[in-house]
Structures are given as C-alpha cells and as structure tokens.
Amino acid sequence: MTDLDLRPVGRVESSLRDRADAPRQGDEGAPDAWIVIDAACAPALAGLEAGADVIVLTWLDRADRAVLAVHPRGDVSRPVTGVFQTRSPDRPNPIGLHRVRVLAVEGTRLHVRDLEALDGTPVLDLKPVLGDVGDR
C-alpha cells in the first residue's frame, strides 16, 4: 500500500459540538455553518459564489476507525451492514462527503447550509456539483 499525505485546506465552524447532537445527514436539520479556508488556499476559491452547490470532503476526526460493520443509522432492527454500504462516520478512512449550498463567500470564509460536520472538523477539499453533461 502507498502512504498518503493529506493536508486540510480548512476547518468547519459550527454550533454542532457533540456528535450526539448532529443530524445523520445535512438535509436532516443541520444548522448553517462556516467553512474557513486556509489563507494559502485562498486562490482556489476563485469563481465560487453564493448559490453554488458544492461537495465538501472532510476528515471525520472523531470517528472510530476500527468499525467495519454497523446497524444502518444506528437502528438495531436493521441487519448489520458493512460500512462501505452505509454513510456511517465510523469507518477505516473516515472521509465525510457533504453536499452543501453556499450562502455567502466572505474572503476565505464560506457560509453554507446543510453541513452536519462538527465544529473543528478538518476540510480536505471542495468540489463543484456537476450539472448535465452539456452544461459542463
């Protein structure tokens, strides 16, 4: 296996501090939050505007990396399922995937909707949500 060198490009600022208080997905009641991008990565924000839908990749730094199978959504009435078939934050490489709407861009700060990540969560990358093939 090859070693990977990941460096966060920013961090989440959110009122969510405890995992028990966070919704399972952003569209299930997540409060508005901020993504603060490191100043060295500021040029990467060029062209990003309010109204854009963006995929945010995070490192779920409070996850349990030893977990390989879970009851989906913590529902013990559902059969145990491998984490690769779930969106569980507990997994060998706890990379979070979040589709958010950008509400405002203020310098290196992005005000976003639908981000269920906890305060202080490292942000690995941002990617645009792609439209139809002809619109790319």
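**Surroundings of His-98 and Glu-116**

In this predicted model, His-98 touches Val-54, Ile-55, Val-56, Thr-58, Leu-60, Leu-115, Glu-116 and Ala-117, when residues up to four places away in sequence are not counted. His-98 belongs to strand β6, which spans residues 95-106. The relative accessible area of His-98 is 4%, and the residue is therefore classed as buried, the cut-off for this class being under 20%. Among the residues touched by His-98 is Glu-116, and the side chains of His-98 and Glu-116 make a polar contact at 3.2 Å.

Glu-116 itself is placed in the loop between β7 (109-113) and β8 (122-128). Apart from neighbours within four places in sequence, Glu-116 is in contact with Leu-16, Ala-22, Pro-23, Arg-24, Gln-25, Gly-26, Ala-30 and His-98. For Gly-26, the backbone nitrogen lies 3.2 Å from a polar atom of the Glu-116 side chain. Glu-116 is buried yet forms no salt bridge. The nearest side chain of opposite charge belongs to Arg-87, at 5.4 Å, whereas a salt bridge requires a side-chain nitrogen of Lys or Arg within 4 Å of a carboxyl oxygen. The side chain of Glu-116 thus has a polar contact with the side chain of His-98, but no salt bridge.

Aromatic rings were also examined. The count of aromatic pairs comes to zero, with pairing taken as ring centres within 6.5 Å.

Terms used: Residues numbered from 1 in each chain as written. Predicted model: local features only at pLDDT ≥ 70, side-chain atom pairs only at ≥ 80, totals over all residues. Heavy atoms only, no water. Phe/Tyr/Trp six-rings, centres within 6.5 Å; stacked < 30°, edge-to-face > 60°. Helix = DSSP H or I, 4+ residues; strand = E, 2+ residues; numbered from the N terminus. Buried < 20%, exposed > 50% of the residue type's maximum accessible area, 1.4 Å probe, protein only. Polar contact = N/O pair within 3.5 Å; in protein donor to acceptor, adjacent residues only side chain to side chain. Contact = heavy atoms within 4.5 Å. Lys, Arg positive; Asp, Glu negative; His and termini not counted.
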